[in-house]
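Hi,

Here is the structure I said I would pass on. Have a look at it first, and then read on for what turned up.

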Amino acid sequence: MCCDLKRRFLLLYATQKGQAKAIAEEIQQQAGTRGLEADMHCMSEMDKYNLEAEKDPVVIVISTTGTGDPPDTARKLIKKIQDKTLPPDHFAHLQYGLLGLGDSEYTFFCNGGKTVDRRLQELGAQRFYDTGLADDCVGLELVVDPWIDGLWLALKEVFLLQKEKEDMNSNANTVTNSLSTVPFEHKPDLTSDIQQLKLEDEGVRSSNVLSQKLVDVNLVTSAQDTEPSLVHSIPPISQSALNVPALPPEYIEVQFQDTHGEDPSPASLISEGTVFEVPVTKAFQLTREDAIKTALLLELDISDTTFDYQPGDSFYVICPNNANEVEELLHILGLSEKGGQFVCVKVKQSTKKKGATHPQHIPERSTLKFILTWCLEIRAIPKKAFLRALVECTSDAGEKRRLQELCSRQGASDYTRFIRESNVCLLDLLRAFPSCRPSLNLLIGKWLTFNLIRLGSENISDSAHSNLFQPGKMCFVFNIVEFPACPTRLVSWKGVCTGWLAELVEPLLRTSKNIQDAKGGSPSTEKISIFARPSCTFHLPADPSIPFMMVGPGTGISPFIGFLQHRQKVREEHKDWGFGETWLFFGCRHQDRDYLFKQLRCFLESGTLTHLKVCFSRDLPAAEVAPPKYVQDMVRLYAKEVARILLKEGGYFYVCGDKKHMADAVSDAVVDILSTEMGVDKLEAMKVLATLREAKRYLQDVWS
C-alpha cells in the first residue's frame, strides 16, 4: 500500500542571498503535507549527508552568483566532485532532480546549477526528474512553481519503483515452484498504489484551491473600470477559481521590551567577509549638470585597513534604507511611537516550520527602527509567498481577493505586469491595499525569508584605481540610479545605495565645485562600510606581453582606469619588460557633458594605452559621413584588429557595463567579426566565442 512506501528524500540547497534556501523550505513544507520527509541541508554541511552512500532520491536547489559562479556554500561539494580521479560510475547509484536559479541578463545563466548537473551526469548519476532552470530576469516563479508541482509525481514514481524492487528482492527468497501463484501472491499492486497517489495529490491540490467566486467584481472597483491594474482585475481572472500557494507557517516572534541600550553595528551582521569602515576623502561629479545621468567618483582612504584589492575587483557597500521610507512604513503600521523601542526577535516555540533557526542578519535585540533600516530590503519586489501571507491580514474583501489573484497561478501574468515589471515594493502594496495591516511577526518573518540586508549598490562598484598607483587610496565610480514616477508611485526614486551615497557626500561635492572653499574647509569625517568581493577572473593578464582590448562605455570604464594606472606603474618600474598593445573603446552620450575621464589622453601620450577609440551617441555629427554612435559599432570598424588579437596573438577582450543594451551587442559584433575573418558560419563563430569565454579570455563584468 501507499502508506508503506519509502517516503524520505534528501533535499540540498546552495544559496548566496537566501533565494535557494527559501525555495528549498517551500519544497520541505509541501513535502510534509504530502506525507513525505524532506531531509534538508545546506550543501556546505557535508558532515550531515553522504552522496556516495545515498540510496534515496536527491533534490537539489542551487543558485548562481556573480557572472556565473556557484554560491559560496556550494564550492566545497563542487570541488569534491570535480576530482578528476573519480570513476565514471562513481554516482551510478544516485537519482536526482535539480532546480537551478539564475538571471539570463548574465552570460553564464544558471551556471551554478549547470555545473553540478553536468558533473553528476559525468559520474553516472541518473535524473529522475527533468532539470529546471529558473530565470530571475522574467520571474523565478514562472519555472519554480510548475517545477515544484511536477516534483511530487516524479518522486512518488521513484518510491513505487523502489518498493517494487525491494518486494522482488524479498520474494526471491520465498518463491516456490508453483509459477501460477507468484503473480497472485507477490506482484505488487502498482495500479492501486498509483490510484491512491492520484487521490492523495488531488486532495492536496484541492485544499489550495479557492473554488468559490469569492468576491463580486464591483467590490474591487467600479464596473466602469475596464483595464486591469495593481488593485483591479477583469475577467476571466476576476471570475475564476484560484490556485493559491499554501500559507507558510509563522516562525518568528517579535516582542517589544522596556530595556534601553545601543543598537549593534550594521557591520556586525555580515558574515560574508571582513567589513572595513573607511572615510570618504574626496567626491567629484564627473558629468555636467545637464547630463542625462549623474556620475560620481568617490575616493576612500583605506590606509589604516588590511583591505586588499586588484583593479577589476568589486566590493559591497553596506547601506541603510531610505529614512523617509522607514518612517512612512512605521506610520502605516501604526508604530511611529515605537520605532526607537527595543524588540526581541526569536523563533516561536510552537512553530511548525522544520529546522527553524534565528535569521542570520537579524540581531536578537535591537530597536525596531534599526531592523527596518538595516536588516530588511524594503524596496525589494515582494514574492508570491509574501502576498499570500498578506491575504490573512487584509480586512477588505475586494482587496483580499485581489491579493489572492496576484499570488495565484491564474494571476501569473498580472503578477509579472503589476508587481515585477512595475518594481512594486512593500510600501507600494500597503498604500494600494489600505486595509492590509501585517503584524511585525509576519513582516519580519515572511519578508525576511526573501529579502536579507542589502549588501551592495544597484551596480556593484568596480575599483577605478590601482593600489600600485596610489597606495592607501581607492576610487570608484557610479551613476545615481533614478526610478521615474509610475501609476503605483507618484514620486520618482533614487536608488537605495547610490541615492544614499550621493546624499552622504553632498558637502564634499559642494567643496569640489568651489575650490576656494576647499582651502578653508575641514576634511570630511563621513565613513562607509565596505567588504571585498574579489573577482577570480576580471583582472589584467598575468603576462604583460599579452595584448588586450577593453570595452567600457559610461561608468563601465571604471575598472579600466585601474587597469591603465596599474599598467603605467608597472611600465615605470620595469622599463626592460615587453608590453602588449592595449585598446580602449569608450562611449557616452555627449562629449561635453558625460565624457567621464578626459585624462585618458595622458595614458595615450605615455604609451600605456596604445589605441583609444571614443564615440558619442547623442552628438550631431560634424562630418558628412556619420561616425559610429555606439561602442559596438566602433568595435566592428576594427574587425581585423579584433580577430588578430583574439585568434592569432592569444589576447584578452574585456567588456564592462550595461548588459542588455551594450554587452550583448558587443558580443554579437565579435561573433560577426569572427565569422567574417575566419570564413565560417555564425554558429561556428559562436562556438569559438564560447571557447574564448571558457578560457577566460573573453571576460564580462556587466549589470542589468
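This is a predicted model: local features need pLDDT of at least 70, side-chain atom pairs count only at pLDDT 80 or more; totals for chains, interfaces and linings use all residues.

**What turned up**

E20 and E21 sit in an open sheet of 5 strands, in the order E22-E21-E20-E23-E24, and the pairing is parallel. At the edges you'll find E22 (611-616) and E24 (698-703), each of which pairs on one side only. On average, neighbouring strands of the sheet are turned by 10 degrees against each other, if you ignore direction. As for H18 (residues 558-573), this helix packs on the sheet, where it touches E20 (548-551), E21 and E23 (652-658). The direction of H18 makes about 145 degrees with that of E20.

If you're wondering what holds such strands side by side, strands of a sheet pair through backbone hydrogen bonds, either parallel or antiparallel.

Now zoom in on E21 (residues 582-588). On one side, 4 bridges join E20 to E21, and Met549 has Trp583 in E21 as its bridge partner. E21 is also joined to E22, by 6 bridges, and these two strands run parallel. There, Trp583 stands opposite His611 of E22, while Phe585 has Lys613 as its bridge partner.

Is E21 enclosed or open to the outside? Buried here means under 20% relative accessible area. By that cut-off 7 of the 7 residues of E21 are buried, so the strand is largely enclosed by the rest of the structure. You can follow this on both faces: Thr582, Leu584, Phe586 and Cys588 point one way, Trp583, Phe585 and Gly587 point the other way, and all are buried.

Two other spots are worth a look. Helix H15 (residues 496-504) is mostly covered, with 7 of its 9 residues buried; among them are Val496, Cys497, Leu501 and Leu504.

Then there's the largest nonpolar core, which has 49 residues. Which of them touch the most other members? The answer is Leu329, Ile371, Leu372, Leu387 and Leu390. Pick Leu390 and see what surrounds it: leaving aside neighbours within four places in sequence, Leu390 is in contact with Leu403, Leu429, Cys436, Pro438 and Leu442. As background, nonpolar side chains tend to be buried together in soluble globular proteins.

Cheers

Conventions
Residues are numbered from 1 along each chain as its sequence is written. Side-chain values use heavy atoms; hydrogens and water are left out. Buried means under 20% relative accessible area, exposed over 50%, partly exposed in between (1.4 Å probe, protein chains only). A nonpolar core is a set of buried Ala, Val, Leu, Ile, Met, Phe, Trp, Tyr and Cys residues joined through side-chain atoms within 4.5 Å. Contact means heavy atoms within 4.5 Å. Two strands pair if DSSP finds at least two bridges between them. Axes are lines fitted to C-alpha atoms, for helices over the stretch in contact, and angles run from 0 to 180 degrees between N-to-C directions.
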